[in-house]
Amino acid sequence: MRLDILTCLPELFEGPMNQSIVRRSMTKGLVEIEIHNIRDYSTHKQKSVDDYAFGGGAGMVLTIEPIDNCITALKKERDYDEVIYLTPDGETLNQGIANGLSLNKNMILLCGHYKGVDQRVRDHLVTREISIGDYVLSGGELAAMVLADALIRLVPGVLNDESSALTDSFQDNLLAPPVYSRPAEYKGWKVPDILLSGHEAKIEAWRHDQSVALTKKKRPDLLDE
């Protein structure tokens, strides 16, 4: 998988993109992440990428030219499955969307900023719009990191145990069951006996029952789906 991330604040990616599973995926050669500074594609003398909105109103808008220049340059090098714009009014990211996108080979992630991007970017250059929740951030960089992390962990070979991702919350529209580790008893708080029994079938049945119960309690809407 290759992710090309377009941003006017590339420095924000230096930490998160070089840690934990994301770093491991790149070290293994399974994922390639390239951060592109939109300002590098500006023809403005001051490398400006924003301007006032036509019609007035508060806030600046990311202009179309540097974004178009960047996407055009990237598309000359390879074909892309999706050009994704991270925006609060996009479709809300969920595990099903992440599963589907993880099958793609090349994707562009465009980070919004200020009041967003010129609408013509959305109309003519973007193929999909994704939100990570019903709230507004200072920019799309954090949202791009969330999406990237959700996708990368699903790439075969990234996790040491590939079955781990298949048992995560939301994979079957159920929340994950409780998990326990050593010691078996701590301050009188005991691990359920069934988990110490060694009976795999009964343990799996218990975990499924716990998942259903937790989902009914915390996210009954998932069961409706």
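Predicted model: local features only at pLDDT ≥ 70, side-chain atom pairs only at ≥ 80, totals over all residues.
Visitor: Where does Ser-20 lie?

Guide: Ser-20 lies in helix H1, which covers residues 20–27. Helices here are DSSP runs of H or I with at least four residues, strands are runs of E with at least two, and both are numbered from the N terminus.

Visitor: OK, back to Ser-20. Is it buried or exposed?

Guide: Ser-20 is exposed, with a relative accessible area of 57%. Exposed means over 50% relative accessible area, buried means under 20%, and partly exposed is in between (1.4 Å probe, protein chains only).

Visitor: What about the phi of Ser-20?

Guide: Ser-20 has a positive phi of about 50°, although it is not a glycine. Most residues other than glycine have a negative phi, and most peptide bonds are trans. Lys-47 also isn't a glycine, and its phi is positive at about 60°. Lys-47 sits in the loop between strand S2 (32–37) and strand S3 (50–52), and it is partly exposed at 38%.

Visitor: You mentioned peptide bonds. Is the one from Arg-182 to Pro-183 cis or trans?

Guide: The bond from Arg-182 to Pro-183 is cis, with omega near 0°. You'll find Pro-183 in the loop between helix H6 (163–166) and strand S8 (185–186).

Visitor: Let's zoom out. How many helices and strands does the protein have?

Guide: Eight helices and nine strands. The C-alpha atoms fill a box of roughly 70 × 40 × 35 Å along the principal axes. There are 225 residues, and 38% of them count as buried.

Visitor: Now helix H7. How far apart are its end C-alpha atoms?

Guide: They are 26 Å apart. H7 has 19 residues (200–218), so at 1.5 Å a residue it should span 27 Å, which agrees. The expected span is 1.5 Å times one less than the number of residues.

Visitor: Which residues of H7 are buried?

Guide: Ile-203, Trp-206, Ser-211 and Thr-215. Seen down the axis of H7, these buried residues fall within an arc of 165°, so they line one face of the helix. That arc is taken from the directions from the helix axis to the C-beta atoms.

Visitor: What do the buried residues of H7 pack against?

Guide: They pack against helix H8 (220–224). On the other side of H7, Ala-201, Lys-202, Lys-216 and Lys-217 are exposed.

Visitor: New topic: how many salt bridges are in the whole structure?

Guide: A search finds nine. A salt bridge here is a side-chain nitrogen of Lys or Arg within 4 Å of a carboxyl oxygen of Asp or Glu. Side chains of opposite charge can pair when their charged atoms come close.

Visitor: Which residue does Asp-89 form a salt bridge with?

Guide: Arg-122, and the closest N and O atoms are 2.8 Å apart. The pair links distant parts of the chain: Asp-89 is in strand S5 (residues 82–92) and Arg-122 is in helix H4 (residues 119–124), 33 residues apart. Asp-89 is exposed at 51%, whereas Arg-122 is buried at 17%.

Visitor: And Glu-91, which side chain does it meet in a salt bridge?

Guide: Glu-91 meets Arg-128, at 2.5 Å from N to O. This pair also links distant parts of the chain, with Arg-128 in strand S7 (residues 128–131) and Glu-91 in strand S5, 37 residues apart. Arg-128 is partly exposed at 22%, and Glu-91 is partly exposed at 34%.

Visitor: Where's Thr-87, and what does it touch?

Guide: Thr-87 is in strand S5 too, and it is buried at 7%. Leaving out residues up to four places away in sequence, Thr-87 touches Arg-122, Glu-129, Ile-130 and Ser-131. Contact means heavy atoms within 4.5 Å.

Visitor: Last one: which residues are linked in a network of salt bridges?

Guide: Arg-2, Asp-4 and Glu-32 are linked that way.

Methods
Residues numbered from 1 in each chain as written. Heavy atoms only, no water.
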